[in-house]
Amino acid sequence: MNLESVKKYLEKPGGDTSSLVDELPPRFLEPLVLNALRVDLVEPGRVLCSMKIPPRLLNSGNSLHGGATATMVDVVGSAAIPTLGHMSGRTGVSVEINVTYLDAAYAHEEIEIEAKTLRVGKAVAVVSVEFRKKKTGKIFAQGRHTKYLPLASKM
């Protein structure tokens with residue numbers, strides 16, 4: 001294994017970009033990924049969203065980036081938790097996020113993201129998130145998100 005090639009892959013050539021990166025606002029990742037998201041349905045235990053994949057979310061293979069998909073599992077999945085009455089105002093801390101990538105989705109393709117709560121208990125919530133191509137209904141990714149819930153105040 002060429003260790004130097006690993007270093008070069010992670011340290012992109014072209015100079016120091018820290019000044020550009022450091023100027024990004026706090027919590028910029030969620031708006032970057034979710035800006036194109038539309039909420040189509042919210043009901044107890046379920047949130048259904050859709051979006052047209054913007055080019056900014058593509059990977060080097062010109063398909064939806066896995067990190068963007070994982071971010072949507074996190075955020076859309078978290079949004080399904082309060083639909084079942086978890087009222088702390090916060091949806092907790094991620095314990096585990098798993099994403100299985102089954103196919104690719106490309107720029108300007110219309111997709112659906114459906115989050116379903118599997119369990120909301122006193123301390124833990126589990127949500128599944130399914131990604132489908134809107135035109136065909138074909139599943140291209142599936143996620144599961146486990147969150148530790150903040151304890152409700154007894155005061």
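This is a predicted model: local features need pLDDT of at least 70, side-chain atom pairs count only at pLDDT 80 or more; totals for chains, interfaces and linings use all residues.
User: Hi! Which strand gives the largest share of the lining of the largest pocket?
Analyst: Strand 5, with 4 residues. A pocket here is an open set of points on a 1 Å grid over the protein atoms alone, where a 1.4 Å probe fits, with protein on both sides within 12 Å along at least five of seven lines, and lining residues have an atom within 4 Å of a point. Strands are DSSP E runs of at least two residues, helices H or I runs of at least four, numbered from the N terminus.
User: Which other strands supply at least two lining residues?
Analyst: Besides strand 5 (124-133), strand 3 (93-101), strand 4 (110-120) and strand 6 (139-148) do.
User: Nice. Which residues are they?
Analyst: Among them are Glu 114, Lys 116, Glu 130 and Arg 132.
User: Switching topic: where is Thr 69, and is this residue buried or exposed?
Analyst: Thr 69 sits in helix 4 (residues 66-80).
User: What does Thr 69 touch, beyond neighbours within four places in sequence?
Analyst: Leu 64, Val 99, Tyr 101, Phe 131 and Ala 141, where contact means heavy atoms within 4.5 Å.
User: And how many helices and strands are there overall?
Analyst: The protein chain has 4 helices and 6 strands.

Conventions:
Residues are numbered from 1 along each chain as its sequence is written. Side-chain values use heavy atoms; hydrogens and water are left out.
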